[in-house]
Amino acid sequence: MKSLHSIVKKITDEAVGEYKKQMEKQKDCSICGNKIDVHINGWTDGHNAEPVNKGRCCSNCNSRVVLPARIIEMQQIMQRGNKNG
Ligand SMILES: [Zn+2]
């Protein structure tokens, strides 16, 4: 019969192993360099960082940097279009 200690150790090892696997899957944000947050469904790729750069970024940078940059880019495209038209 297994001792309580070995059962607890097995459960702990498994939990730590899962956690480490999850940490290894995490990628670096191409904008701020922090780890990209892993979604509850296991998605680890975060958000598309374009037009800021061609990499991936965390939710924080997506809402603070990438989305405003896209709006500015869109406004510039529209202004250019107006001048040409
Ligand atoms: Zn970031």
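The model on screen is predicted.

**Whole chain**

Two helices and two strands make up its secondary structure, and the order along the sequence is α-β-β-α. The radius of gyration is 21 Å, well over the 12 Å that the globule rule gives for 85 residues, so the chain is more spread out than a compact globule. Buried residues account for 13% of the 85 residues. Of the contacts between residues at least 6 apart in sequence, 21% join residues at least 24 apart.

**Helix H1**

Next, select residues 4-25, which form helix H1. At 1.5 Å a residue, its 22 residues should span 32 Å, and the end C-alpha atoms are 32 Å apart, which agrees. Colour H1 by burial: of its 22 residues the number buried is zero, so the helix lies largely in the open.

**Nonpolar core**

Now select Cys29, Ile31, Ile36, Ala49, Cys57, Cys58, Cys61 and Val66. These eight residues are the largest nonpolar core. Centre the view on isoleucine 31, a member of that core. Apart from neighbours within four places in sequence, isoleucine 31 is in contact with Ala49, Val52, Asn53, Cys57, Cys61 and Val65. Ala49, Cys57 and Cys61 from this list also belong to the core.

**Strands and the loop at proline 51**

Select strand E1 (47-48) and strand E2 (56-57), then the loop between them, where proline 51 lies. Which peptide bond here is cis? The bond from glutamate 50 to proline 51 is, with omega near 5°.

Is proline 51 buried or exposed? There are 12 other C-beta atoms within 10 Å of proline 51, so this residue is exposed. To see what proline 51 touches beyond four places in sequence, show Ala69, Arg70 and Glu73, with which proline 51 is in contact.

Finish with a distance between proline 51 and valine 66. These two are 15 residues apart along the chain, and their C-alpha atoms are separated by 7.0 Å. Valine 66 is also one of the residues of the largest nonpolar core.

How values were computed
Residues are numbered from 1 along each chain as its sequence is written. This is a predicted model: local features need pLDDT of at least 70, side-chain atom pairs count only at pLDDT 80 or more; totals for chains, interfaces and linings use all residues. A nonpolar core is a set of buried Ala, Val, Leu, Ile, Met, Phe, Trp, Tyr and Cys residues joined through C-beta atoms within 7 Å. A residue is buried if 20 or more other C-beta atoms lie within 10 Å of its own, exposed if 12 or fewer, and partly exposed in between; C-beta atoms are placed from the backbone. Two residues are in contact if their C-beta atoms, placed from the backbone, lie within 7 Å. Helices (H or I, at least four residues) and strands (E, at least two) are DSSP runs, numbered from the N terminus. The radius of gyration is taken over C-alpha atoms; the globule rule is 2.2 Å times the number of residues to the power 0.38. The expected span of a helix is 1.5 Å times one less than its number of residues.
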